[in-house]
Amino acid sequence: ALGVVTDDREAVDVGASLLPAVLVGMYTNLLVSVVTCGVFSGMGRPVLATVLSFGFELPVSLGALALYILRFHGNLIGVYWLQAGTGGVEAVVVLIIMAASNWKTCADETRKRQKLV
């Protein structure tokens, strides 16, 4: 598939070695985004979504990346696997919060806000 973009065999090999890490990272970050921006906002908890985005996800992903590059002088494939790993940690945290949420209370508050009760 990468042969469509370039005929440089070395570039194709590097790209092919990055694809699994990129794919895992995209899926974990997509899951985090859906839960924080979609589920929590839909539950009427936009403050929680904002706090998780700026107070947890951003520092974890950028902090780990900065540490990996500046302290350990990591390579490109390591950067992508690190992003996948931090996305996995973030996904576990938001899924735990989502599972522990009181859905009935959130639904009742939403009905009150919309004056359906």
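**Group meeting: helices and salt bridges in a predicted model**

Leucine 23 is partly exposed, at a relative accessible area of 45%; on the scale used here, buried means under 20% relative accessible area, exposed over 50%, and partly exposed in between, with a 1.4 Å probe and protein chains only. This is a predicted model, in which local features need pLDDT of at least 70 and side-chain atom pairs count only at pLDDT 80 or more, while totals for chains, interfaces and linings use all residues. Residues are numbered from 1 along each chain as its sequence is written, and side-chain values use heavy atoms, with hydrogens and water left out.

Leucine 23 lies in helix 1; helices here are DSSP runs of H or I with at least four residues, numbered from the N terminus. Together with Tyr27, Leu30 and Val34, Leu23 forms a nonpolar surface patch with about 420 Å² of accessible area. Patch members have over 30% relative accessible area and no salt bridge, and nonpolar side chains (Val, Leu, Ile, Met, Phe, Trp, Tyr) are joined within 5 Å, like charges within 9 Å. The areas come from the Shrake-Rupley method with a 1.4 Å probe, and for residues only the protein chains shown count as cover.

Alanine 21 is also in helix 1. Alanine 21 is buried, with a relative accessible area of 1%. Leaving out neighbours within four places in sequence, alanine 21 is in contact (heavy atoms within 4.5 Å) with Tyr80, Trp81 and Ala84.

Now helix 3. Helix 3 covers residues 76-100, 25 residues in total, and reaches 36 Å from first to last C-alpha, close to the 36 Å expected at 1.5 Å a residue. That expected span is 1.5 Å times one less than the number of residues. The buried residues of helix 3 include Gly78, Ala84, Thr86 and Glu90, and the buried set packs against helix 1 (9-42) and helix 2 (46-71).

Which residues does threonine 86 touch, beyond four places in sequence? Val60, Ser61 and Ala64. Threonine 86 has a relative accessible area of 10%, so it counts as buried. A polar atom of its side chain lies 3.1 Å from the backbone oxygen of glutamine 83. For a polar contact, N or O atoms must pair within 3.5 Å; within protein, one must be able to donate a hydrogen and the other to accept it, and residues adjacent in sequence count only if both atoms are side-chain atoms.

Next, the charges. The structure holds 3 salt bridges, each a side-chain nitrogen of Lys or Arg within 4 Å of a carboxyl oxygen of Asp or Glu. Arginine 9 pairs with aspartate 13, with the closest N and O atoms 3.1 Å apart. Those two residues are 4 residues apart in helix 1, which means a separation of about one helical turn. Arginine 9 is exposed at 55%, whereas aspartate 13 is partly exposed at 40%.

The N to O distance is 3.1 Å for lysine 104 with aspartate 108 and 3.0 Å for aspartate 108 with arginine 111. Lysine 104 is exposed at 60%, aspartate 108 is partly exposed at 25%, and arginine 111 is partly exposed at 38%.

Last, the ends of helix 4. Asparagine 102 caps the N-terminal end of helix 4 (residues 103-113), with a side-chain oxygen 3.3 Å from the backbone nitrogen of lysine 104. Just after helix 4, lysine 115 has a positive phi of about 55 degrees.
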